[in-house]
Amino acid sequence: MSRLAITTLQTADSGFEVAFTQLLERNQGEDPDVSTIVHDIIAAVRKHGDQALLEYSQQLDQSPANTAAELEISAERLKAAFKVVDEDRRCALQAAAERVRSYHQHQQTDSWEYEEADGTLLGQRVTPLERVGLYVPGGKAAYPSSVLMSALPAKVAGVQELIMTVPMPGGEVNDMVLAAAHIAGVDRVFAVGGAQAVAAMAYGTDTVPRVDKIVGPGNIYVATAKRMVFGQVDIDMIAGPSEIAVVCDGQTQPDWVAMDLFSQAEHDELSQSMLLTPDAAFAKRVQAAMEKLLDGQPRRDIIRASLESRGAIIVTRDMDETMALVNRIAPEHLELSVEDPRAWVEQVKHAGAIFMGRYTAEALGDYCAGPSHVLPTAGTARFSSPLGVYDFQKRSSLIMCSADGADTLGRTASVLAHGEGLTAHANSAEYRIKG
């Protein structure tokens, strides 16, 4: 058993507020060096297209491709990966896909309209985006689950063409990622990663088509690139390192809670895992469980680095105070590991996904529960939502005036237009007024 130097805070301590604020601020700020690098990559891909895309892929990902066209992975290769994947894994991917697809079908919204008494028609037309770019992370780990969680909501929404990019360092292919793309119905796949992939999808090259929106998580270079191309294309969000906040009343098995904290810490060293509990003795049992279990984890070095630099155990005065802190954190993942989660969930104002009850491990949401695991991070759950069907749809307002409606609305519009000093606006409305 090795000692784990995780930050422990008590809300009753005089220095708590300062320490807690610092804990939440660790996600803030941009790296100017990264911004400069990403800016140069985007500019090069925008100017030189395939040539720059290929050179960056060779330089940064050690791609074996000799031409940009060789970066594309054929539909036949995706199908072959699906067939070669171990049967248990293939079945698990298919089961997860069915659950994700089923969940998101409930999010579908239809166009609507209504007619007023004078015959004026108002409404909203809902249409899918035509082409969407999906970035799938690679490098430290492969994420076939991210393929399903991003591609299937898009397909349910009716997106016509889905373009996927995934880094494959050294040309190393992950068959589960390709199999997931096949299952999800991804239309075209390119072995390209990093800022160059984002730039290619945002501006288009001879090989990679320009998309309308880019979704999917990635490292700091990908996140920075998405921020820079926003406006040229839409994006889902600027995703930061993974986070989990576990709220526990002290009655859950300490080993369960410890492993739930590990499950996010193992993503990378910048992930943040926090336990909030009013039971000080339980907090100590969870720390002891983490120290007992850590050495048995293959990614123990990453877990330790994450927990010691960004993790925390917070002992509160009571559950009401605990929930108030949760809303300040606005976590990506929130576990309510308590006796009556339905009662406490009413106090949650901000969270990306809420896992309710002792048996609901966050890991189930990462893979197969149904909702997309692409979630707002770094406190952005205050104003953002999980990736869903609605992210792949546009809404157009419908307005059709009858003669009577044009008369009624025209009189109101005329007064307001004159009030704003926009005479042509007023005249345009007045031409339709009767008499």
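Relative accessible area sorts residues into buried (under 20%), exposed (over 50%) and partly exposed (in between), computed with a 1.4 Å probe and protein chains only. The structure is a predicted model, in which local features need pLDDT of at least 70 and side-chain atom pairs count only at pLDDT 80 or more, while totals for chains, interfaces and linings use all residues. Residues are numbered from 1 along each chain as its sequence is written, and side-chain values use heavy atoms, with hydrogens and water left out.

I220 belongs to helix α9, residues 220-229; helices (H or I, at least four residues) and strands (E, at least two) are DSSP runs numbered from the N terminus. Together with I37 and Y221, I220 forms a nonpolar surface patch with about 250 Å² of accessible area. Patches consist of residues with over 30% relative accessible area and no salt bridge, with like charges joined within 9 Å and nonpolar side chains (Val, Leu, Ile, Met, Phe, Trp, Tyr) within 5 Å. A salt bridge here is a side-chain nitrogen of Lys or Arg within 4 Å of a carboxyl oxygen of Asp or Glu. Accessible areas come from the Shrake-Rupley method with a 1.4 Å probe, and for residues only the protein chains shown count as cover.

The buried residues of α9 are V222, A223, T224, A225, K226 and V229. These pack against α2 (32-48), β5, α8 (194-203), β8 (213-215) and β9 (234-235), contact being defined as heavy atoms within 4.5 Å. At the N-terminal end, α9 is capped by N219, which has a side-chain oxygen 3.0 Å from the backbone nitrogen of Y221. A polar contact is a pair of N or O atoms within 3.5 Å; within protein, one must be able to donate a hydrogen and the other to accept it, and residues adjacent in sequence count only if both atoms are side-chain atoms. G231, with a positive phi near 110°, follows α9.

Nonpolar cores are sets of buried Ala, Val, Leu, Ile, Met, Phe, Trp, Tyr and Cys residues joined through side-chain atoms within 4.5 Å. The largest has 43 residues, of which L134, V147, L148, M164, V186, V189 and F392 touch the most other members. At least two residues of this core come from each of α4 (75-84), α5 (87-105), β5 (131-135), α6 (144-157), β6 (161-165) and α7 (175-184). The largest contribution, eight residues, is that of α6. Beyond four places in sequence, V186 touches L78, V147, A151, L162, M164 and A181. A second, separate core of 30 residues includes V38, A52, A199 and A200.

N327 lies in helix α13, residues 319-329, and counts as buried because its relative accessibility is 13%. A polar atom of the N327 side chain is 3.3 Å from the backbone nitrogen of H350. With neighbours within four places in sequence left aside, N327 contacts Q347, V348, K349 and H350.

Y359, in the loop between β14 (353-356) and α15 (362-367), counts as exposed because its relative accessibility is 71%. Its contacts, leaving aside neighbours within four places in sequence, are W256 and L364. Y359 and S337 are 22 residues apart in sequence, with a C-alpha to C-alpha separation of 7.9 Å.

Q62, a residue other than glycine, has a positive phi of about 50° and is placed in the loop between α3 (50-61) and β2 (72-73).
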